[in-house]
Amino acid sequence: MEFDFTPVVTYFPTLLKGVGVGSLVAIAVALMSVIGGLVVAVISIYTKKLVSWPLRFFIWLFMTTPLLLQLYFLYFGLGEWILIPAIVVGILGLGFHYMAYNADIFIATIKSVSDGQYEASRSLGFGHWNTILYIIVPQAFIRSIPQLGNNMILMVKDTSVLSAIGVAELVYASQYAISVSFRPFEFFIVIALMYYVINILMELGQAWLERQTAYRR
Amino acid sequence: MDFDLMVEVTPLLIRAAWVTIDISSRAIFFGFFVACGLVFLQTFRFAPIRWFARGYISVIRGTPYFVQLLLVFYGGPSLGLRLDPITCGVVVGAFNIGAYMSEAIRGSIESVDKGQSEAARSLGFGKVQTMVSIVLPQAASLMIRSVGVLAIVLIKNSSLVSIISVVELTYQAQRLIGSTYKPLEIFTLSALMYIIIIYAVMGIIELAYRRATRYTTQ
């Protein structure tokens, strides 16, 4: 049992490329899931049951089934009709998954904004949708930041699962190098370390963001 | 919807669902002991032992479960650790959920007012007795809920074991989608099975919660 990290050093640029693809996916998914989650939450609270119930059903469905199953369904299901690259399927799959989780948070925080805010805003002359857009949603968003941060940290860790459908992120990028060098342990240790560093940086960022917004809550 | 196909593949998926239940329940069972061990290690006076436990929890929570699984399954043999896929799924699942669970258990114990254990100690209860008969019953209600959530997360994460070729629900679903080209039917059935499993677990958690709080007035 001796360790040889030279192949890891040789293939380090490949791994870094994987980190790049993974970051790209994570940023796209973060934007999609936060904005989409907010839209879904607002629609499912403020519209008729005919619209809101199907949305709630999808939130529930995405939250009760595993991510990998959803990815396989999207990948093979969409693949039947149109040919789309794995990275798009990955972003959509992960995006919908976390959109549901974020929508669940937004629904709770929007409901936690006091009714008095709505009434006061209406009596000052704001319309129904203007009140929601300018008064309710900003307050709810600030309150959601801690939980959104947790979700985004989980999401970054889940980008590793996308290698199962062939998205060229960190784990996938290492596959070729591992099959050539026969050094899985060294590679996976380095990959785990990279994720750990990213995770710590994100936790620091989350703590900073929470401090910055604390006075508004 | 092709209902004949759905009837045909249901037995296969049920058998695969049993594997999911089997792996998850064993991982949760062993994970509970890992968690208790980690909580215990954090009460040591000797600081390096506490640091070890904190470091372990931090690393496990900071790296993806998927990478941990691959590391142990493919990287383990170079340390002389050869596990068959199912055992690997159980072991990694247990050590993973153990870290999360220890935080849940510690949090719920710390949520009990300190005055409770001080009062018990001054009434002559021993340290262990205070823990067992005063603090833990009060921590139980919170603990059951938070550990239950983790158990459900683990059941959903058990789908990742399919990557190391354990024929569990997601693996079987993927294989059937590949051979039948009917993603919607297969997805509906396998999602339904996950939902049934998860709701059954939620029911058990609710029963345990009611039993733990039967003497408390709210």
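Modeller: Axes are lines fitted to C-alpha atoms, for helices over the stretch in contact, and angles run from 0 to 180 degrees between N-to-C directions. Helices (H or I, at least four residues) and strands (E, at least two) are DSSP runs, numbered from the N terminus. This is a predicted model, in which local features need pLDDT of at least 70 and side-chain atom pairs count only at pLDDT 80 or more, while totals for chains, interfaces and linings use all residues. Residues are numbered from 1 along each chain as its sequence is written, and chains are lettered from A and ligands numbered from 1 in the order in which they are written.

Biologist: At what angle do H4(A) and H7(B) pack?

Modeller: Two packed helices are described by the angle between their axes and the distance between the axes. For H4(A) and H7(B), the axes are 10 Å apart, and the packing angle is about 5°.

Biologist: Are H4(A) and H7(B) roughly parallel or roughly antiparallel to each other?

Modeller: Angles under 35 degrees count as roughly parallel, over 145 as roughly antiparallel, 65 to 115 as roughly perpendicular and the rest as oblique. The angle here is about 5°. H4(A) and H7(B) are therefore roughly parallel.

Biologist: Which residues of H7(B) make the contact with H4(A)?

Modeller: Two residues are in contact if their C-beta atoms, placed from the backbone, lie within 7 Å. H4(A) brings A:Leu68, A:Leu69, A:Tyr72 and A:Phe76, and these meet, on H7(B), B:Thr170, B:Ala173, B:Gln174, B:Ile177 and B:Gly178.

Biologist: How many nonpolar residues does the contact of H4(A) with H7(B) have?

Modeller: Ala, Val, Leu, Ile, Met, Phe, Trp, Tyr, Cys and Pro count as nonpolar, Asp, Glu, Lys and Arg as charged, and the others, Gly among them, as polar. By these classes the contact of H4(A) with H7(B) has no charged residues and three polar ones, and the nonpolar residues number six.

Biologist: What covers the buried residues of H7(B)?

Modeller: A residue is buried if 20 or more other C-beta atoms lie within 10 Å of its own, exposed if 12 or fewer, and partly exposed in between. Among the buried residues of H7(B) are B:Thr170, B:Ala173, B:Gln174 and B:Ile177. Their cover includes helix H4 (67-81) of chain A, and from chain B helix H1 (3-41) and helix H8 (183-212).

Biologist: Which helix supplies the largest share of the side of chain A that touches chain B?

Modeller: Across the two chains, 28 residues of chain A are in contact with 32 residues of chain B. The largest share of the chain A side, 10 residues, comes from H9(A).
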